[in-house]
Amino acid sequence: MMMNRARSFAVATGVFALALVGGAAAWAQARTDLVIGMSLEPPHLDPTAGAAAAIKEVTYANLFESLVRVDSSGALVPGLAEGWTVADDGKTYRFTLRPNAKFHDGAPGDAAAVKFSLDRARGAESVNGQKGYFASIASVETPDPRSVVVTLSRPDGLFLFHMAAGDAAIVSPTSAATNKQKPIGTGPFTFDRWAAGDRVVLTRNPEYDGPKPALERVSFRFISDAAAQIASLKAGDVDAFVQFNAFEALPEFRNDPKFAVTVGTTEGETLLSTNNARKPFDDVRVRRAMAHAIDRKTLIDGVLYGNGVPIGSHFPPHRAGYVDLTGLYPYDPAKAKALLAEAGYPNGFDATLRLPPPPYARRGGELVAALLAEVGIRLTIEPMEWASWLDKVFKGKDYDLTMIAHTEPLDIDVYARDSYYFNYRSAAFVRLEEELNRTQDPAARNALYGQQQRLLADDAVNGFLFMLPAVTVQNAKISGLWVNRPIQANDVTGVTWK
Amino acid sequence: MLAFALRRSLTLALTAWLATIVVFAVLELVPGDPALLMLGVNAQADTLAALRAQMGLDHPPVERYLRWVGGLLRGDLGVSLTYARPVADLVAERLVVTLPLALLSLALSTAAAIPLGLLAVARRGRGGDWAVLGFAQIGVALPSFWIAILLILVFSVTLGWFPAGGFPGWEAGALPALRALTLPALALAIPEAAILARVTRTAILDTLGEDHIRTARAKGVSRTAVLLRHALPNALLPVATVLGLQLSFLVAGAVVVENVFTLPGLGRLLYQAIGQRDLIVVQGVVVLLAVFVVLVNALVDIACAAADPRPKAAS
Amino acid sequence: MRRRLPWSFWLGLALVGLLLAVALLSLLWTPFPVGQVRVVARLRPPGGANWLGTDHFGRDVLSLLMVGARNSLAVAAAAVGLGAALGVPLGLAAAALGRWGDELVARLGDLVFAFPAVLSAILLTAVLGAGAVNVVLALGLFNAAVLARVTRGAALAVWRREFVRAALALGRGPLSVTLVHVLPNVLGVVVVQTTVLFAVAIVNEAALSYLGLGVQPPNPSWGKMLGDAQTHLFTAPLQAVFPGLAIALSVLGLTLLGDGLRDWLDPRHRSSGLL
């Protein structure tokens, strides 16, 4: 728009050749502002006091830094700590902090702040959603302002990974209490303003002690309605929309050279979670019948317009150790009916499907109900808000079926938990999990992961449906946005305009 | 008259008080734990307990109710559980969207309805009258949220003149803000205008039958002048009455239309707060809305009683 | 005064009759099985085998609309029925009892009216869960308050009339007077009010289903169809037209019918189209 106007102006003044060159040069001065569209608005902006993904999707690596950081490939790289060493016993971690790190209010980003943050997260008053991440910490010491020594009570292979989470953000004792509304971290961007219901604006932190980002100003705009999302991209009100889920509009954006569409991976295994303790789902034949009755292709086409990868067990295909089990229960309604008859349900049965709010669940649930109806399983759909879903389904385990994406990385271990909402009990799986915890060798670990996947698929514990995609629609001139989502984040520190 | 107003104020206070009990009791029954919602699936029992204590949810319901009502009486709506900000601030922040939206739609609907009503009377029994009556009949039948979707379809998706949703905030300038409010206001105004046009027409026809109008006509005052100077002013009271009564529908309509356009107004705040189990916010907003509705109804009653002492027997 | 021209009443009757006929027909026949999903054939424009096109799952829109008519009518009828079952006796009782009983009913009404119907339905579905039954409860409560108020007003007028005084003088009790004299005389007003409330219930059910709180899939509902259509405004704009049209025509039919009935029952009453 602006570009066109500049050109037509130049043509009108009759010095078009020169002006075009000059114009191009002037416009080559790359833009330094960015507007990112998100579906959901965060309730507040303190990542250490809330589980809502949107909090981290604004703050992670932009406003707040953790000791360690996850990069776009999922690897651990330095965060507030520029380096670390692990003692041989696997229990002592020594972090060396960046020399000149400072909070946005000028408070020092030193060892004392780290100790404060870690002790706060694991203390009695802690309201950290991932307090378990800090459970293995026995003590935090600060031999000098740049060094933090964390001693664990037991070796914890995931400790560094947990210290890289948004929940482990380092906060300052001077501002921790007010971070919900006025977040103050050590990151390369500072909080500018929050227009409730519309956007959060960040500006570049001139005092940042690390490499300065190319962007001067980043706005996160919250647009929940699909039509409005599409309109905002087309009008240029939004430069990039992350986790875009108006999939039907993707072909149009793909065909438009002004836009670039990327489809990346997430850690979200989407399941038709099944209450294994409840009749008739306690019968493996019924669960297998359902697996045969659900056509993943229809589901992926119908819900994601083809932008998803089917799974046959609880493991993401992009991770080492993945075993392809999608062929175990091919779509076969006749076989499903036969299995149901064998289990004593020749005329099918009635059950309820409780659905949380995300569109993939609401739409996917509708389709699953239609597919299961064809083999005689009649589902009543009960949509639920998150609060009710967490309370009744997840915590109360009061459900037949539900549909949900399990977005935490490497979370196959939940099947070993006795109290988990699947109500799945398998001594064989627990034995595998125990062995996994004792095993360090990557190849051996992957083999064990493979056995776990096979066991889950064999037991048809849940309906294993598809991986949730990470779809981004962006202005083609932007580079540096994450394609994959190894964790919940919109790290814009590496974003540049061409 | 004074006695009537006093009595009406008493019942108003009673209703408002009962409303606080109903709202509080209903929200006590809502399933879901605000702390669990905030901290998610991996939250530990001790963390949840700590957060509940921080939110003040560990006290018995009666105590919390008394504390909340006590706060209300002092003008303190409490602090939001999710946003950790005073509810009054949140409400104020959202009112700058909802209030202009309501006023704009009221202005649009009366600006359309009164000329339409006049036109119908002036062309009584002829084409213009039928057109107005038809509009009135059809307009009432159109649900505002469907009008909203159609307006988005035509003016945002097809023509691109107005945003399909969202609100840039007044700090972005009056023009972009008004642009964002235009379609929602229209969606609310169209059914409203239909009702008002019909009421205006009927009210003017009523006054035309009265003596002073006939006298004016007999004195040779022109038909148009009679309509504008004599009949219209007298017809305005019933129009205003209906307008007042329609306000509660406008409130309900605004809740839905704000959701269609994802406008960060009071209705959307309420809808989201219910989803987030931000009970303090829900209580505060619902009671404010209820008091507003009750107050407007009482004012309409008192105004009617003042204008016409007859209906004091009927409620 | 003026009598409404009969054609509008007949038009209303025709529209409501059509609605009923479609709803009944949907029990026996729809162009396609109503829940049938065919993802490959989704978002087809009107024309061809699917007269009104298909939705985002490839379901036939006409079939959905037909069954939607049934669901819409069922919810509205239940909500109005519940309202009448509660509201009419309450209104009659208030008029017959006077004093405290009257005051109690009036204050209860105030309380219900303090919460706009959609608002109380949103709150109620938060407590009881989303779904048609809970929407019926919420709308029914509102309708009960409206009908109680209307019935009371009409009944009070009847109580002041000569023949009621005569009946009382003859030693009839309040219950017998209410049943024999008052009820038949308020019935007309109640019926008119019922048609208006029916129209309001259809709109409110649609609004709640649009928000995802009302009739649940696989049961189709006009409101939910509109909600789904809104996400496809760019790719399938016409999907947002048909369900809305169905709602508007139903409401139009009911209001025309209500106005006609009112004029027929009470020619002096000017139809204002209001509650």
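Chain B is divided into domain 1 (20-87) and domain 2 (95-307), with bounds that come from an automatic or database domain assignment. This is a predicted model, in which local features need pLDDT of at least 70 and side-chain atom pairs count only at pLDDT 80 or more, while totals for chains, interfaces and linings use all residues. Residues are numbered from 1 along each chain as its sequence is written, and side-chain values use heavy atoms, with hydrogens and water left out.

Placement and contact
- Taken over C-alpha atoms, the centres of domain 1 and domain 2 of chain B are separated by 36 Å.
- The contact (heavy atoms within 4.5 Å) takes 19 residues from domain 1 of chain B and 15 residues from domain 2 of chain B.

Buried area
- Between the two domains of chain B about 1,500 Å² is buried, with carbon and sulfur atoms giving 72% of that area; buried area is the accessible area (1.4 Å probe) that two parts lose on being put together, summed over both.
- On the side of domain 1 of chain B, the residues that lose the most area to domain 2 are Leu27(B), Trp68(B) and Tyr83(B), which together account for 30% of what that side buries.

Conventions:
Chains are lettered from A and ligands numbered from 1 in the order in which they are written.
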